[in-house]
Amino acid sequence: MNSYTTREAIDILIAKAKAKTKLPLPQLIILGINAGALIAFGYLAFLRVSGAVPKEWGSVATFLGACVFPIGLIALSFLGGELLTGNMMVMTMAVLDREIRLRELFKNWLLVFLTNAIGGILVAFFFGHFVGLSEGSFLAKTGAVATAKLADGPLMMVVSGIGCNIFVCMAVFIATVSKDFLGKMFSLWFPIMIFVVCGFQHVVANAFILPAYLFAGGAITWGQIIENLIFVGIGNALGGALFVAFPLIILNPRQKEADNESRA
């Protein structure tokens, strides 16, 4: 068979969560920045593709951009990286299965959030602004996307973040179930493409697109960016932890626990 069972995939991810708690700080910083940068490169590809499509094509531009956006998650899945949104599911699974402590979860989330944001901001400045890949004829697209993100109220940001991370964690989990390269690639690509088409908000991706517009002279502030990242991050956490990790652990208990329940 070319796939694991659901419980086997859960155990694989829990083992990864335990390993994450033992990562040396320098390694965690590098992996976090790497993941944030790779997601930002995917967003940069989205801008370059969707921004080059004629306006008459309407929503087809978003679809075409969404088709290239998943390269970031695909790349970091094979090259290595610590991504906050995926960790929101993975670390929660380990806590629910009593394999790591809650403080280890929050420590990981905080450090990975900060390093992911640094990775996104670096790409926004050096590639988006300094090289100009998100400016010039693409500035209108950068501005339209960034202002749309900030136009949502706090509650809308949270709900949008929930929707986003349901799809991101779905992609990560299904890719874990698959054993072969093509299966993993398709599992990662399709759900990510869907969340981009839907316009859901991703905290790490926003750490690229919002600073990119700010560096281009957009009429936004760091205060607005930080507020957005906080509320979208809360939504992403709820989506990954409450709507994906929790049901998976509850519906797929360890074998010993399952045997005890059946005997009872």
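Predicted model: local features only at pLDDT ≥ 70, side-chain atom pairs only at ≥ 80, totals over all residues.
Residues are numbered from 1 along each chain as its sequence is written, and side-chain values use heavy atoms, with hydrogens and water left out.

His 202 sits in the loop between α9 (181-198) and α10 (203-215); helices here are DSSP runs (H or I, at least four residues), numbered from the N terminus. With a relative accessibility of 4%, His 202 counts as buried, where buried means under 20% relative accessible area, exposed over 50%, and partly exposed in between (1.4 Å probe, protein chains only). Neighbours within four places in sequence aside, the contacts (heavy atoms within 4.5 Å) of His 202 are Leu 83, Thr 85, Cys 164, Val 168, Phe 195, Val 232 and Asn 236.

Met 88 belongs to helix α5 and is buried at 3% relative accessibility. Beyond four places in sequence, Met 88 touches Trp 109, Asn 165, Gly 233, Asn 236, Ala 237, Gly 240 and Ala 241. Gly 223, on the other hand, is 24 Å from Met 88 in space, C-alpha to C-alpha, and 135 residues from it in sequence. Ser 134, in the loop between α6 and α7 (139-151), is buried with a relative accessible area of 0%. Its C-alpha is 7.0 Å from that of Leu 44, although the two are 90 residues apart in sequence.

Setting aside sequence neighbours within four places, Phe 69 meets Ile 39, Gly 42, Tyr 43, Phe 46, Ile 192, Phe 195, Val 196 and Ala 205.

On to the charged pairs. The model has 6 salt bridges, each a side-chain nitrogen of Lys or Arg within 4 Å of a carboxyl oxygen of Asp or Glu. One of them pairs Lys 18 with Glu 99 at 3.3 Å, N to O. Lys 18 is in helix α1 (residues 6-20) and Glu 99 is in the loop between α5 (84-96) and α6 (102-130), so this bridge ties together parts 81 residues apart in sequence. Both ends are partly exposed, Lys 18 at 33% and Glu 99 at 32%.

Lys 20 and Glu 82 form another bridge, at 2.7 Å, N to O. Because Lys 20 lies in helix α1 and Glu 82 in the loop between α4 (71-79) and α5, this pair ties together parts 62 residues apart in sequence. Here both partners count as buried, Lys 20 at 15% relative accessibility and Glu 82 at 4%.

Glu 99 also bridges to Arg 254, with the closest N and O atoms 2.5 Å apart. That links the loop between α5 and α6 with the loop between α11 (222-251) and α12 (255-263), 155 residues away. Arg 254 is partly exposed at 28% relative accessibility. Through shared partners, salt bridges join Arg 7, Asp 11, Lys 18, Asp 97, Glu 99 and Arg 254 into one network.

Arg 98 is in the loop between α5 and α6 too. It is exposed, at 62% relative accessibility, and has a positive phi near 60 degrees despite not being glycine. Most residues other than glycine have a negative phi.

How values were computed. Helix = DSSP H or I, 4+ residues; strand = E, 2+ residues; numbered from the N terminus.
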